[in-house]
Amino acid sequence: MLFSTLVTSDLSRIADDIVLLSNGRILADGSLKGLIARYLLASAPNRETLSAAIGVKPVKEGYEGLVSRDNPPSGVSLRAPSLDEIVIHLEYGRRAS
């Protein structure tokens, strides 16, 4: 079944596989679990520490961006992102490029 939504909470309840699109371009695709397992959300006090991160944006405590779980930077706070955060950072990264 094909299902289209802007509400990512719907996806986490019913989807096995997802394709994230933005302006007709695929930002990410794969299983929901695999997509969430692919990334970590990194937080740092300065932007330079997150130079290899995707969709780095300012937050209250400094900056945050998505990083590969396979090669996370050192010296930053890391945590598992929500699907919402993955979508936001991938889109933010697309707009910045």
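Which residues' side chains meet in a salt bridge?

## The salt bridge

The side chains that meet in a salt bridge are those of R79 and E85, with a distance of 2.5 Å from N to O. The structure is a predicted model, and its salt-bridge count comes to 1.

R79 has a relative accessibility of 40% and counts as partly exposed. E85 is buried, with a relative accessible area of 17%, because the class of buried residues covers values under 20%.

## The sheet

R79 also has a place in the sheet: this residue of β6 stands opposite L41. The strands β3 and β6 run antiparallel and are joined by 3 bridges.

The open sheet as a whole is formed by 4 strands, in the order β4-β5-β3-β6, with antiparallel pairing. At its edges are β4 (54-59) and β6 (77-79), each of which pairs on one side only. From one strand to the next, the twist averages 25°. In general, strands of a sheet pair through backbone hydrogen bonds, in either a parallel or an antiparallel manner.

## The nonpolar cores

The largest nonpolar core contains 13 residues, of which I18, L20, L35, I86 and L90 touch the most other members. At least two residues of this core come from each of β1 (17-22), α2 (32-38), β3 (39-44) and α3 (83-96). The greatest contribution is that of α3, which gives 3 residues. Apart from this core lies another one, made up of 8 residues, including L40, A42, A44 and V67. Nonpolar side chains in soluble globular proteins tend, as a general matter, to be buried together.

When neighbours within four places in sequence are left aside, I18 is in contact with L11, A28, D29, G30, L32, L35 and L83. L35, one of these contacts, is also among the core residues that touch the most other members.

N23 is located in the loop between β1 and β2 (25-31). Its phi is positive, at about 50°, although N23 is not a glycine. The relative accessible area of N23 is 70%, and the residue is therefore classed as exposed, the cut-off for that class being over 50%.

Note on methods
Residues are numbered from 1 along each chain as its sequence is written. This is a predicted model: local features need pLDDT of at least 70, side-chain atom pairs count only at pLDDT 80 or more; totals for chains, interfaces and linings use all residues. Side-chain values use heavy atoms; hydrogens and water are left out. A nonpolar core is a set of buried Ala, Val, Leu, Ile, Met, Phe, Trp, Tyr and Cys residues joined through side-chain atoms within 4.5 Å. Buried means under 20% relative accessible area, exposed over 50%, partly exposed in between (1.4 Å probe, protein chains only). Contact means heavy atoms within 4.5 Å. Two strands pair if DSSP finds at least two bridges between them. Axes are lines fitted to C-alpha atoms, for helices over the stretch in contact, and angles run from 0 to 180 degrees between N-to-C directions. A salt bridge is a side-chain nitrogen of Lys or Arg within 4 Å of a carboxyl oxygen of Asp or Glu.
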